[in-house]
Amino acid sequence: MKIKELKQGDRITQQIDNSTIAFEVLSIQQIGRRFMVTFRSAFGIESASYQGEACVTAA
């Protein structure tokens with residue numbers, strides 16, 4: 001799924017050190033051509049900036 005297609009409440013996964021980590025999208029905001037996404041996971045809440053065409057794995 002492309003970052004620009006994410007919506008609040010979507011769940012994505014990421015492989016980190018042979019473990020699958022699940023993230024929930026709390027918010028997404030377009031800033032120019034980039035998107036600021038805030039996620040919640042078992043590790044807490046974090047934000048990251050992505051290009052809109054970047055891809056993530058939907059859960």
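Predicted model: local features only at pLDDT ≥ 70, side-chain atom pairs only at ≥ 80, totals over all residues.
Visitor: Where does Asn 18 lie?

Guide: Strands are DSSP runs of E with at least two residues, helices are runs of H or I with at least four, and both are numbered from the N terminus. Asn 18 lies in the loop between S1 and S2. Asp 17 is in that loop as well, with strand S1 covering 11-16 and strand S2 covering 19-31. At 70% relative accessibility, Asp 17 also counts as exposed.

Visitor: What is the phi of Asn 18?

Guide: Most residues other than glycine have a negative phi. Asn 18 has a positive phi, near 65°. Asp 17, not a glycine either, has a positive phi of about 50°.

Visitor: How many helices and strands are in the protein chain?

Guide: The protein chain has zero helices and five strands. Read from the N terminus on, its elements run β-β-β-β-β.

Visitor: What is the order of the five strands in the sheet?

Guide: Two strands count as paired if DSSP finds at least two bridges between them. Here the five strands form an open sheet in the order S4-S3-S2-S1-S5, with antiparallel pairing. Strand S4 (44-51) and strand S5 (57-58) are at the edges with a single partner strand each, so one side of each has no neighbour in the sheet. Within the sheet, S2 and strand S3 (residues 34-41) run antiparallel and are joined by seven bridges.

Visitor: How many aromatic pairs does a search of the whole structure find?

Guide: Rings of Phe, Tyr and Trp (its six-membered ring) pair if their centres lie within 6.5 Å; planes under 30 degrees apart are stacked, those over 60 are edge-to-face, and the rest are tilted. The search of the whole structure finds two such pairs. Phe 23 and Phe 39 are edge-to-face, at 5.7 Å centre to centre with 65° between the planes. This pair links Phe 23 in strand S2 to Phe 39 in strand S3, 16 residues apart. The ring centres of Phe 39 and Tyr 50 are 6.3 Å apart and their planes stand at 85°, so this pair is edge-to-face. Here Phe 39 in strand S3 is linked to Tyr 50 in strand S4, 11 residues apart. Phe 23 and Phe 39 are buried, whereas Tyr 50 is partly exposed with a relative accessible area of 25%.

Visitor: Which residues is Glu 24 in contact with, leaving aside its neighbours within four places in sequence?

Guide: Contact means heavy atoms within 4.5 Å. With those neighbours left aside, Glu 24 is in contact with Gly 9, Asp 10, Arg 11, Thr 38, Phe 39 and Arg 40. Glu 24 lies in strand S2 and, at 16% relative accessibility, counts as buried.

Visitor: How many salt bridges does the structure hold?

Guide: A salt bridge is a side-chain nitrogen of Lys or Arg within 4 Å of a carboxyl oxygen of Asp or Glu. The structure holds four. One of them joins Lys 4 and Glu 53, whose closest N and O atoms are 2.5 Å apart. Lys 4 lies in the segment before S1 and Glu 53 in the loop between S4 and S5, so this pair ties together parts 49 residues apart in sequence. The side chains of Arg 11 and Glu 24 meet in a salt bridge at 3.9 Å, N to O. This pair links Arg 11 in strand S1 to Glu 24 in strand S2, 13 residues apart. Glu 24 also forms a salt bridge with Arg 40, the closest N and O atoms being 3.0 Å apart. Salt bridges that share partners also join Lys 2, Lys 4 and Glu 53 into one network.

Technical notes:
Residues numbered from 1 in each chain as written. Heavy atoms only, no water. Buried < 20%, exposed > 50% of the residue type's maximum accessible area, 1.4 Å probe, protein only.
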